[in-house]
Amino acid sequence: MKKAAVIIIVLFSIFACNKKEETIVENKITKPKTKKIEFGFNYADFNVVNDTISKGDSFGSILQSQNIGDKKVHDIVEQVKDSFNVTSIRYNKPFTLLRSKNKTNNLQVFIYQPDALTYYVIDLRDSIAKAFKKVKPVTLKRKIIGGVLKSSLSETLGNESVETALASRITKVFSWSIDFFKLKKGDRYGLIFTERFINGKTYDGVEELEAAFFEYKGKIVYAFPFEKDTLSGKIEYYDDEGKTLKNFFLKTPIKFSRITSRFTMNRFHPVQHTWKAHKGTDYAAPTGTPISTTASGVVEATGYTAGNGNFVKVKHNGTYSTQYLHMSRILVKRGQRVTQGQTIGLVGSTGLASGPHVCYRFWKNGVQVDALRLNLPTGESLTGNDKTRFLKQMEPLKRELDSIGNL
């Protein structure tokens, strides 16, 4: 038995000694380095410094910080002055320094970006400096959104990752047709527009509003751009029947506000604490909000009274006049001609006012009336060849809008 055990141990030792060790070789895959090209330069060729203009910085001081002497700085400024105004650099704007990769680390290229789209290159690699302006490539991408309003227009657009500035553009387009204070949750909408992307990736805002609709008081109101005069290039917006959206009067004197008091012959005055007539419409807004004249005309009166505070009155024609009360500041003078949508003052709470707002008053044939109940004059409609061209351009856009709004 002992012999058998010894034989087994010996055999095991022999096999163990003859067993070859397995070596696992890892094949390391070396990924090729991707070239980073910015502003037309391969960053791998330079030592790159990205920075922003600090307070007190100037083109000269930045170059001097790169061991360039006063005389050389002066020479560079003279050499590039026809292409780059060195005094134009502004606080907090980005700039890039491309320096040589050798021991000297000399500044070879200075790049300044005044905005997201453009940049200036000052090339110092030759004995004579050169400067040139470049514009980054812009890609336009079409976007279609729609559904029902769940909150304000600005918040709705924000939820769709669209710049809120589009809300102002939309408000301006529909300002004759829709009172945006009266849009309700659940109202349908549809928008077709193009967005700009710098270098194909950096969002740069909305380029053009191609078409839009909003449900307003149970009715669908469309807006389509059309160039009636091809020589002037001026764009106006029309509804689906070719009727202009631009009417004689704007719906409201303030964008994005709310009505706090309406035209009535019997209202409890919040300051005087008595019941009396309120012959205007109050729109609440923060102090300093721009107030626009709702139609073109001539400033008939400006001034201050104990009740009205700072006010402006505009005469539009022989029939209509409007007045704007409680301003914090008046921006026009008596006798001045003003155009529709022009800012004539700023919201305040002067006079008998419990908070910042504008009281908007309306006269027809010398009698104060309720502006919200008037059937006001409308603009012209397209006719003839203009209407034919418009309908051909509009119909495919309307089909797209109707499809997203289930109309």
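Over residues 1-32, pLDDT stays under 50, and the model has zero contacts beyond four places in sequence for this stretch. The model is a predicted one. For the protein chain, the mean pLDDT is 86, with 88% of residues at 70 or more.

Helix α3 spans residues 70-80, and its buried residues are Val73, Ile76 and Val80. These three lie on the same side of α3, because they cover an arc of only 60 degrees around the axis. What do the buried residues of α3 pack against? Their partners are α2 (59-64), β6 (118-123) and β7 (130-135). On the face of α3 turned away from the buried side sit Asp70 and Lys71, both exposed.

Strand β16, residues 281-284, is covered on both faces. Thr281 and Tyr283 are buried on one side, while Asp282 and Ala284 are buried on the other.

Which strands pair with β16? One is β13 (residues 258-261), which pairs with β16 in the antiparallel sense over three bridges. Within this pairing, Arg258 has Ala284 of β16 as its bridge partner. Another is β23 (residues 357-364), also antiparallel to β16, with four bridges. Here Thr281 is bridged to Tyr360 of β23.

Definitions and conventions: Residues numbered from 1 in each chain as written. Predicted model: local features only at pLDDT ≥ 70, side-chain atom pairs only at ≥ 80, totals over all residues. Heavy atoms only, no water. pLDDT = per-residue confidence, 0-100. Contact = heavy atoms within 4.5 Å. Buried < 20%, exposed > 50% of the residue type's maximum accessible area, 1.4 Å probe, protein only. Helix = DSSP H or I, 4+ residues; strand = E, 2+ residues; numbered from the N terminus. Arc of directions from axis to C-beta. Pairing = 2+ DSSP bridges.
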